[in-house]
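Here is a friendly walk through one protein model, region by region. Please keep the viewer open as you read.

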Amino acid sequence: MRTERRFWLGWLLVGLVMITLVGGFAFYKPFQAAPAAIVESPVETAPPPPPAVVEALPGKRQTFLVMGVDIVDNEMGRTDSMVVVSYDPKEQRLAMLSIPRDTWAMIPGHGYDKINHAYAFGGHTLAVDTVERLLGIDIDHYLTVSFDGFTKVIDALGGVEIAVDKRLYYEDPVDWRAGEDGLVIDIPPGLQTMDGETALKYSRFRADEEGDIGRMRRQQQVIKELMKKAATPAMLSRVPQLIPAMAATVGTDLSVAEMLKLAAVGREALTNPLVTGSLGGDGRLIDGVFYLVNNLVSSRSIAYEVLVGSEPEESYLQQAAEDQRVYQAALDEAIARAASVADQMDTPEEPASTEEGETATPPAGAEEPTTDPAVEQITVAVVDATGAGIGREYANKLWAAGFRVARISKSPKVLPRSLVIDHAGLQGQAEERLRAVVPTIMWVSNPDPKADQALEILLGADLLE
């Protein structure tokens with residue numbers, strides 16, 4: 001009996017590690033501006049929408065919303081990683097769907113906002129409700145995992161072996177929470193066993209051309225390798241190290257009985273291939289903030305096929321179409337409202353000529369470009385989202401660095417962190433020059449051949465620090 005209980009406990013811990021770590025990455029602040037309106041308590045700021053129409057997945061599947069939670073000084077915190085996991089006990093099938101944290105979603109009581117703000121506004125209850133509304137499916141349980149706990153669990157497991165396809169490098173000298181020298185990510189290519197801290201950095205890296213999509217891909221890669229390790233009998237010997245790490249890491253509404261049952265019936269699932277998928281979206285700037293906007297019919301179809309393994313039922317698609325009409329109407333209204341505010345507050349400052357074949361004239365007072373004349377000038381739009389009126393100052397600096405400033409405008413909203421929206425895939429060509437002017441800028445890849453300028457540079461409040 002003692003041996004059997006130990007066996008169950010081992011698989012219980014392994015199963016929880018597998019599930020909770022699915023989404024427990026990338027939830028520290030790098031590469032992501034802090035939410036513009038984080039509150040300390042779930043106070044409603046907008047009328048609550050009608051109850052969502054959600055469906056339970058067919059069969060006896062269980063669904064879990066797994067959240068990586070960034071908690072600082074006992075505040076509510078926010079989720080910078082959200083993953084929906086489904087488990088089919090009949091087929092012993094595990095599937096995970098990553099949800100980008102920039103997803104524009106309805107947060108009940110707060111209107112449309114980035115989906116990762118839901119936890120900050122109302123904890124796991126509001127986060128679950130928000131994800132259910134986005135996907136149109138019922139979520140059975142939630143799990144949260146902390147930043148510090150993630151590293152402890154990886155270390156307790158003895159690390160994880162990962163094949164890195166290229167060097168990953170990023171510096172953020174003002175990210176003091178990563179240490180006195182700020183954040184430094186420098187992971188060489190090749191097969192290597194990562195400790196918890198390195199695995200966390202690997203899983204949250206998104207400072208390349210793939211952006212958030214690459215980040216989610218790396219998360220899923222780590223999970224697959226963890227599952228392989230979790231399925232080995234050798235993991236039972238690590239139970240003494242796992243117990244305290246798990247106790248400090250996981251928050252869940254699963255009862256002990258439910259966890260024991262899940263551990264007992266789900267052992268085989270650990271040895272089967274993990275099905276993975278991610279939601280996408282179209283990049284949009286709304287009020288100077290970058291969001292990923294979904295088409296609910298297509299995104300829910302993706303979610304259903306990943307989580308269930310078959311095409312969705314017709315009733316599910318019909319409801320998705322109805323919800324999409326509401327979603328699109330809200331999007332159109334937000335865009336129109338932002339345009340109206342911009343018309344009232346946007347004040348162009350001596351825009352450069354953009355007529356074909358004509359050399360653009362720099363803003364008044366700009367220095368002559370100091371870059372090599374052979375280097376092609378990249379056309380940029382500058383949006384001052386600092387609230388301090390420094391757009392012209394930075395436009396001058398950009399001209400001096402060899403950029404062609406086509407437009408300078410002011411945003412009615414203050415952006416916490418500077419970012420660039422890259423419409424032309426110019427990161428390799430332009431990043432070094434741009435960071436010489438704005439060292440802390442976050443790079444967001446959003447290909448758009450119809451964009452008027454190759455780069456949109458949004459100056460944030462971090463430049464005032």
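## About the model

This is a predicted model, in which local features need pLDDT of at least 70, side-chain atom pairs count only at pLDDT 80 or more, and totals for chains, interfaces and linings use all residues. Residues are numbered from 1 along each chain as its sequence is written, and side-chain values use heavy atoms, leaving out hydrogens and water.

## Two nonpolar cores

A nonpolar core here is a set of buried Ala, Val, Leu, Ile, Met, Phe, Trp, Tyr and Cys residues joined through side-chain atoms within 4.5 Å; buried means under 20% relative accessible area with a 1.4 Å probe, protein chains only. The largest core has 51 residues, and those touching the most other members are Leu65, Val84, Ile99, Trp104 and Leu135. Helix α2 (residues 118-135) gives this core its largest share, nine residues. Another core, of 36 residues, lies apart from it and includes Val83, Leu183, Ala199 and Leu270.

Which residues does Trp104 contact, beyond its neighbours within four places in sequence? With contact meaning heavy atoms within 4.5 Å, its partners include Tyr112, Asp113, Ile286, Tyr291 and Tyr327.

## Helix α8

Helices (H or I, at least four residues) and strands (E, at least two) are DSSP runs numbered from the N terminus. The 13 residues of α8 (residues 296-308) should span 18 Å at 1.5 Å a residue, and the end C-alpha atoms are 17 Å apart, which agrees; the expected span is 1.5 Å times one less than the number of residues.

At the start of α8, a side-chain oxygen of Asn295 comes within 3.0 Å of the backbone nitrogen of Val297. Among the buried residues of α8 are Leu296, Arg300, Tyr304 and Val308. Just after the helix, Gly309 has a positive phi of about 95 degrees.

## From β17 to β18

Strands β17 (residues 419-422) and β18 pair in the parallel sense over four bridges; pairing requires at least two DSSP bridges between two strands. Leu419 has Met442 in β18 as its bridge partner. The chain runs from β17 through α11 to β18 in a right-handed β-α-β crossover, that is, clockwise from the first strand over the helix to the second with the strands pointing away from the viewer.

Thr440 sits in the loop between α11 (427-437) and β18 (442-445). Thr440 counts as buried because its relative accessibility is 13%.

## A loop residue with positive phi

Gln92 lies in the loop between β2 (78-88) and β3 (93-99). Although not a glycine, Gln92 has a positive phi of about 50 degrees. With a relative accessible area of 7%, Gln92 is buried.

Note on methods: Buried means under 20% relative accessible area, exposed over 50%, partly exposed in between (1.4 Å probe, protein chains only). A polar contact is a pair of N or O atoms within 3.5 Å; within protein, one must be able to donate a hydrogen and the other to accept it, and residues adjacent in sequence count only if both atoms are side-chain atoms.
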